[in-house]
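The sequence and structure are shown first.

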Amino acid sequence: MSKWSIQRLLQEHLEGYRQQYGMTLHQHKAAQSLMACRTARMGSHAQYCEAGHLQGVYYNSCHHRACPQCQALSRERWLVSRESMLLDSVHHHWIFTLPHQLNPLWQFNRDWFQDALFSVVSATLKQLTADPVYLGAKPAFLLALHSWGRKLDLHVRRQLSWPVRVNYDGRLGFRILSGSSLF
Ligand SMILES: [Zn+2]
């Protein structure tokens, strides 16, 4: 374990944090996974290479999606996969935020809200861009869910990236903003 790591920070300070601020079950499970990753608590496995390059017993990974220790490769693969989908074009980045008044409900209905937020954003974009008044086209876009802000506060939103090619004249952005009642 490196000198400075999320795992070490959790191992040394999680209990104090929990006593002072409390934690949800979701947060508790994530923290337990990150603290146990690649330690004896996770069990072990043997790796062996017939050419003699590798031989040993190693602790198992936690495979939690928030773990920076064992998910780095998965994250890189996901980024490369998404990049391969992008068109050779300028892309716009938009954000559709869940009204903060709904955050308490989101905490206990995550699956439903994630699906609903995706469906609403997707339907709004398709409806507006299909209208000849705005664009008259079928768009391609990439949506990703972000649920935490930079200050680690709850900030649920869909991040949208989509390509904008030559026939784009700037009208669409303004029209969608003014038609926000659809979202
Ligand atoms: Zn891990």
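## Helix H2

The model is predicted. Helix H2 has twelve residues, which at 1.5 Å a residue should span 16 Å. The end C-alpha atoms of H2 are 16 Å apart, in agreement with that expectation.

Four residues of H2 are buried: Ala31, Ser33, Leu34 and Ala36. The partner against which the buried residues of H2 pack is helix H1, residues 6-21.

## Packing of H1 and H2

Two packed helices are described by the angle between their axes and by the distance between those axes. For H1 and H2, the axes come within 8 Å and cross at roughly 120°. An angle of 65 to 115 degrees would count as roughly perpendicular, and one over 145 as roughly antiparallel; H1 and H2 are therefore oblique to each other. Their crossing is left-handed.

On the H1 side, the contact is made by Ile6, Gln7, Leu10, Gln11 and Leu14. On the H2 side, Ala31, Leu34 and Met35 take part. The residues of this contact divide into six nonpolar, two polar and no charged. Ala31 and Leu34 are also among the buried residues of H2.

Just after H2, Arg38 takes a positive phi of about 55°. Arg38 is a residue other than glycine, and lies in the loop between helix H2 (25-36) and strand E1 (44-48). Because 17 other C-beta atoms lie within 10 Å, Arg38 is partly exposed; a count of 20 or more would have made it buried.

His63 also has a positive phi, near 65°, in a residue other than glycine. The loop that holds His63 runs between strand E2 (55-59) and helix H3 (72-85). Is His63 buried or exposed? With 12 other C-beta atoms within 10 Å, His63 is exposed, because the cut-off for exposed is 12 or fewer.

## The chain as a whole

The secondary structure of the protein chain comes to six helices and five strands. Along the sequence, these elements follow the pattern α-α-β-β-α-β-α-α-β-β-α.

The chain has 183 residues, of which 8% count as buried. Among contacts with a separation of 6 or more, residues 24 or more positions apart account for 55%.

Definitions and conventions: Residues numbered from 1 in each chain as written. Predicted model: local features only at pLDDT ≥ 70, side-chain atom pairs only at ≥ 80, totals over all residues. Helix = DSSP H or I, 4+ residues; strand = E, 2+ residues; numbered from the N terminus. Expected span 1.5 Å × (residues − 1). Contact = placed C-beta atoms within 7 Å. Axes fitted to C-alpha atoms, helices over the stretch in contact; angles between N-to-C directions. Parallel < 35°, antiparallel > 145°, perpendicular 65-115°, else oblique. Left-handed = near helix turned anticlockwise from the far one by under 90°. Nonpolar A, V, L, I, M, F, W, Y, C, P; charged D, E, K, R; others polar.
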